[in-house]
Amino acid sequence: EVFLEKKIDLEKKKKDFLEKKEPFIGIVEQYPEIALTKLLDELRKGNYLTSYWCQLFENISENIESEVIIKIGESIKVLPDETLFECRFSITRWINREFSVACINNQSEFWDVWDSTLEKLNSLAPDVNKSALGETYLAGKPLKRSRKTYEHSLNSPIGNLVDALFNTYKAWDLDPKKVKKTYLIRLEKALLSNGEGSHHALSMIMCRFDFVLYHYAIWAKIILLPLLKNGNENSEAGWDGLFHQRYLPNHNSCFAIKESFIELIDSQFLGKSNKKINKNITNFIMYFAYVSFKTKKLFTDTELREMIRKIDNENVSQGLFFILDLIKKENIWKTFGRYFIQNIWPKEKQYQTSRTSERFFNFLIDMPNDFKDINKYIFPYFQNIESSHLYFYRLRRVEKQHEVIKNHPKDMLLILDKIVGTKIEIYDDTFLEILNDMLVYRPELKSHSSWDRLYKIAKHGL
């Protein structure tokens with residue numbers, strides 16, 4: 001009796017949810033199979049109900065049975081082009097997040113849906129494969145920013161399909177080498193997608209380059225590496241995807257992309273529309289320096305130094321921050337940091353700026369145990385720091401940093417004499433306190449010309 005009542009109630013909802021305009025989202029969340037059945041009934045009558053299909057894929061509960069998910073997935077193959085076009089973002093996200101996992105015991109159905117969706121998307125107008133991310137505007141005018149980015153790929157139909165493909169390796173516990181043909185033929189089809197789809201596919205593949213190169217080395221070298229070459233319309237998307245790997249590339253990956261990376265640096269690509277990729281290129285140069293030091297088989301010191309010289313000042317500063325942070329975290333000053341400064345960092349004055357001095361200064365005061373040795377190598381590269389008050393505060397108020405004043409007062413005096421110009425931007429008592437602290441530890445510094453100059457500057461605003 002209870003079962004019959006429940007069945008009657010469900011049939012009533014199935015019959016009346018459109019007529020009585022009951023919230024369709026609620027039906028999807030509570031009774032997804034009924035929502036699907038009604039939509040398919042209407043589809044057979046020629047009623048596309050596109051907005052309802054979109055609501056279906058956007059609001060399906062994560063906790064429904066896999067059999068129901070499979071049925072919903074099967075429905076994608078019969079959707080008319082108009083509905084697929086309007087629902088392309090919600091459908092491909094759902095395939096990626098839900099359908100791929102549910103098909104562990106029905107993998108052939110996943111591939112049927114995946115193949116059908118990719119084929120249909122590429123049979124429509126090229127705009128169908130555009131990312132959901134729109135243009136960025138400032139004062140009503142669109143900013144010229146690249147659309148060939150990893151972020152755009154994540155929010156695109158083809159990007160989601162490629163992501164779903166990679167997700168199945170783990171979800172289905174597969175041996176990549178045993179399913180090589182199944183996967184590579186589909187990756188190649190995705191790379192031939194229309195419009196933005198081809199660079200979205202490449203970006204999503206390249207963000208797993210270590211994985212792909214390890215399992216499919218020949219394919220990666222024949223198919224992927226040429227797409228990174230200068231002049232290829234998808235090169236930028238490929239590099240941006242590579243720069244978004246979860247981990248920095250291993251040595252084999254670094255070696256594989258070496259030739260293309262050098263061409264990228266020489267191509268005057270830097271400074272164009274994608275500022276983030278410029279930053280990542282610089283970080284990679286620094287990372288290559290670290291990898292090359294360990295193996296001695298990747299880049300020479302001269303090659304690395306020449307690449308750094310081709311980077312603009314802003315990105316050189318960012319790259320220096322990256323490598324100094326790596327040296328600090330890995331505690332490798334003695335094994336690598338010293339070598340980097342001696343043999344790779346450019347010696348010319350034009351590469352020593354206020355920003356690079358900030359990077360060096362922060363690094364130095366954060367490494368008190370190696371202060372003497374570090375200062376010996378980086379002291380020649382200190383320049384006037386345009387905004388130095390933050391560093392005064394750290395030296396005076398943060399105990400770890402204040403230790404360098406106590407233990408190395410004269411060295412710090414000489415450093416401050418180089419980084420402080422003719423005035424400071426904030427005249428409080430912080431800088432004056434630092435100078436007086438030096439006299440506590442080394443009273444004779446009061447007669448030093450550097451102390452006298454700095455003292456006059458510190459007193460100027462008091």
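Helix H10 (157-171) and helix H13 (209-215) each contribute at least two residues to the lining of the largest pocket, helices being DSSP runs of H or I of at least four residues, numbered from the N terminus. H10 supplies the largest share of this lining, 4 residues. The model is a predicted one, in which local features need pLDDT of at least 70 and side-chain atom pairs count only at pLDDT 80 or more, while totals for chains, interfaces and linings use all residues. Residues are numbered from 1 along each chain as its sequence is written, and side-chain values use heavy atoms, with hydrogens and water left out.

The largest pocket holds about 500 Å³ of space. Its lining comprises 13 residues, of which Cys207, Arg208, Phe211, Arg246 and Tyr247 are the closest to the pocket centre. A pocket is an open set of points on a 1 Å grid over the protein atoms alone where a 1.4 Å probe fits, with protein on both sides within 12 Å along at least five of seven lines; lining residues have an atom within 4 Å of a point. A volume is the space filled by probe spheres set on the points, which are joined across faces, edges and corners.

Helix H21 (residues 354-365) packs against helix H23 (residues 389-397) at an angle of about 5°, and their axes are 11 Å apart. H21 is therefore roughly parallel to H23, a term for angles under 35 degrees. Axes are lines fitted to C-alpha atoms over the stretch in contact, and angles run from 0 to 180 degrees between N-to-C directions. Glu358, Phe361, Asn362 and Ile365 of H21 meet Tyr391, Arg394 and Leu395 of H23, with contact meaning heavy atoms within 4.5 Å.

The structure contains 26 salt bridges (a side-chain nitrogen of Lys or Arg within 4 Å of a carboxyl oxygen of Asp or Glu). One of them joins glutamate 196 to arginine 147, with the closest N and O atoms 2.6 Å apart.

Technical notes. Angles under 35 degrees count as roughly parallel, over 145 as roughly antiparallel, 65 to 115 as roughly perpendicular and the rest as oblique.
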